[in-house]
Amino acid sequence: MRYHTFAVLLFLVLAGFTGAAQTRELPDNTIPLQNLDAFRPTAGNWKLAGDVYYDLRKAGKGKLQEGTGVLVNDPSEKSKDNLLTKMEHGDLELELDFMMDKGSNSGIYLQGRYEVQLFDSWGVQNPTAQDCGAIYERWDENRPGNRKGYEGHAPAVNVSKAPGLWQHYKIVFRAPRFNEQGQKTANAVFVQVIHNGVMIHENVEVTGPTRAAAFQDEQPLGPLMIQGDHGRVAIRNIRYKSFGTEPVALTGLTLKAYEGDVKGVAAFDTLTPVRVTDIRALAHQGSGTRDQFGGKINGTIHIPRTGEYLFNLKLDWIPEDNNYPERPNGAGELVIGGKKVIAIDGEHGDASAMVQLEAGEHPIELSYLKNFGYWYAQSNNFTLSVEGAGVPRTALNTPLRAVEPVGAIMVLADKEPVMLRSFIEHDGEKRTHTISVGEPGGANYTVDLGTGDFLQFWRGNFMETTPMWHGRGESQLAVPLGSVIALAGKPTLAILRDGNAAWPDSSAAYNYLGYEMDKSGQPTFKYTLGAASVREKFEVSEQGRKLGHTLTVVPGQEQGELWCRVAEGSEIRKLPNGLYAINDKEYLIELPRRAKPVIRKTAGNRKELLLPVEAKNGTAEVQYIIVW
């Protein structure tokens, strides 16, 4: 058998074949929005803009800013065509941003046939197959009564944002399959639909085109379609990966297993294996020992088409947050066609490399060893994955494992507020003194009691606590279940020399004094800031659509000015309706009518929205509302 030559191209960040802990992905293709050339000819309801404004409260009051980069549907009775791409796809991984006008309705049709709904579902408590994120129903006029619509799938949870805010979809779609005679052998499948970072569908099969599809037949390929006959919607940042149907495959695998204190994978060449066996899955099957083992797996890798492939090797027993980098507990190496592609030295257990490969068969060799196990990374599993040249990201030859019979441990806030003390991961840092509050209506938030920082808020279900409460709680973290908006993690209140002084990263004057609960179960947090006494309260309103934040302050004899930082972001802009858009319309801030906000630039070329804390009759109160 002939093995092809190839070149190895590593990412610049790889040093000595070692990669950082975060798994990389190949870049997406984009649908450019500098003009409409990527789309089939259409009516005048589709336009390009530099930006768009939709009013939170009133439909049809949108404004377009001249420019390109944003695709806008502005339908009328005479002009309300759907928009179809010239690109046709089979299996597809699609991402895009979208913005809904108030009360508006649209849809994204994969292959022009299978719809994921776009809808203004802000605040809907019990979503249906008509709401945002739904896989829309099929339709048959011959079915009786109200059963004409069928096979619709509501989203698992509604995480829709307010009209006028940018939202995000990631859709992983598997096209229907056909035999050589053109007969369908497998239905289309929505492998994943992720809305604003939350999985709302997984492995949903669609037996045929959904209602209002452009085509009623089914084919291996079809265009992407955006519905244009229902309502106003804006789309941007359309990017995708299109895939073929032939996978990368490993065959003819043989494992040589070793035991003992091995200093590196190169030592395998001088050692006698304790076992040699044929295997089908990438798993250590050579001995029952938990530590001090290694293996060398040889086989053949089938590459379906010539191109670049991104390989990732992950050894789970080497933790990503290695607390003892001077004591590496393992190593690994991937060789293809006799050339080293990836080497793991134990500082990190996860590395990637880009490889140019020709179509055909290539010899592959995977070596690994484990010296010992950290208590917080006890797994003996490893994974080799690949992506590229029309192949979706695939974990190669993963073994079937007997899963420990434990379900996710959830904490929900269905009927009354729920508070949870836990560790939280925020901006890559483990916060150890946090409290999270879940509110009926799906609005939730987290505060760091050790620093006074308001860390995050989210819409959706409350918390998963499996990493805290199952076994030893290896990561010790509680994980928000909804669509999280993370804040900067700095003090809400600060004493500044003047209005131009930089906002501090922390406050040595902060002193936490506990919290008290009202009759509804909502907490009020108490602390001092130097000589100032503070009471801080959050309040959910409008069925979870809004989160109010109130700080009541009794000032002391501060040497300086007391300020409240309401928001920080890459962009802060006042909208025509008087609200303030944060981070390119990620969320909104509503201020009291008489508030006197200050928007200022920071040294890092970001912006802050500040309110002065001014006492009257010995007490100051600062209020604002988060809308999202």
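A salt bridge is a side-chain nitrogen of Lys or Arg within 4 Å of a carboxyl oxygen of Asp or Glu. The side chains of K296 and D269 meet this definition, with N and O 2.8 Å apart. The structure described here is a predicted model.

K296 belongs to strand β20 (residues 293-303), while D269 sits in the loop between β18 (249-259) and β19 (275-279). The pair therefore ties together parts that are 27 residues apart in sequence. Burial was computed for both partners. K296 has a relative accessibility of 9% and counts as buried, because buried means under 20%. D269, at 62%, counts as exposed, because that value is over 50%.

In total, the structure holds 36 salt bridges. Side chains of opposite charge can pair when their charged atoms come close. A further pair is formed by D74 and R232, at 3.2 Å from N to O. D74 lies in the loop between β4 (63-73) and β5 (83-89). R232 lies in the loop between β16 (222-226) and β17 (233-243). D74 is partly exposed, at 28% relative accessibility. R232 is also partly exposed, at 30%.

D91 and R177 form another salt bridge, and their closest N and O atoms are 2.9 Å apart. This pair links distant parts of the chain. D91 is in strand β6 (residues 91-100) and R177 is in strand β12 (residues 177-178), 86 residues apart. D91 counts as buried at 10% relative accessibility. R177 is buried as well, with a relative accessible area of 17%.

Salt bridges also join into a network. Its members are D28, E95, R239, K241 and E387.

Rolling a probe the size of a water molecule over the atoms shows where empty space is left. The second largest pocket has a volume of about 490 Å³. It is lined by 13 residues, of which R594, A595, P612, E614 and E621 are the closest to its centre. The largest contribution is from β47, with four residues. By class, the lining of this pocket has six nonpolar, five charged and two polar residues.

How values were computed. Residues numbered from 1 in each chain as written. Predicted model: local features only at pLDDT ≥ 70, side-chain atom pairs only at ≥ 80, totals over all residues. Heavy atoms only, no water. 1 Å grid on protein atoms, 1.4 Å probe; cavity = no way out; pocket = protein on both sides within 12 Å on 5 of 7 lines; lining within 4 Å. Points joined across faces, edges and corners; volume = space filled by probe spheres on them. Helix = DSSP H or I, 4+ residues; strand = E, 2+ residues; numbered from the N terminus. Nonpolar A, V, L, I, M, F, W, Y, C, P; charged D, E, K, R; others polar. Buried < 20%, exposed > 50% of the residue type's maximum accessible area, 1.4 Å probe, protein only.
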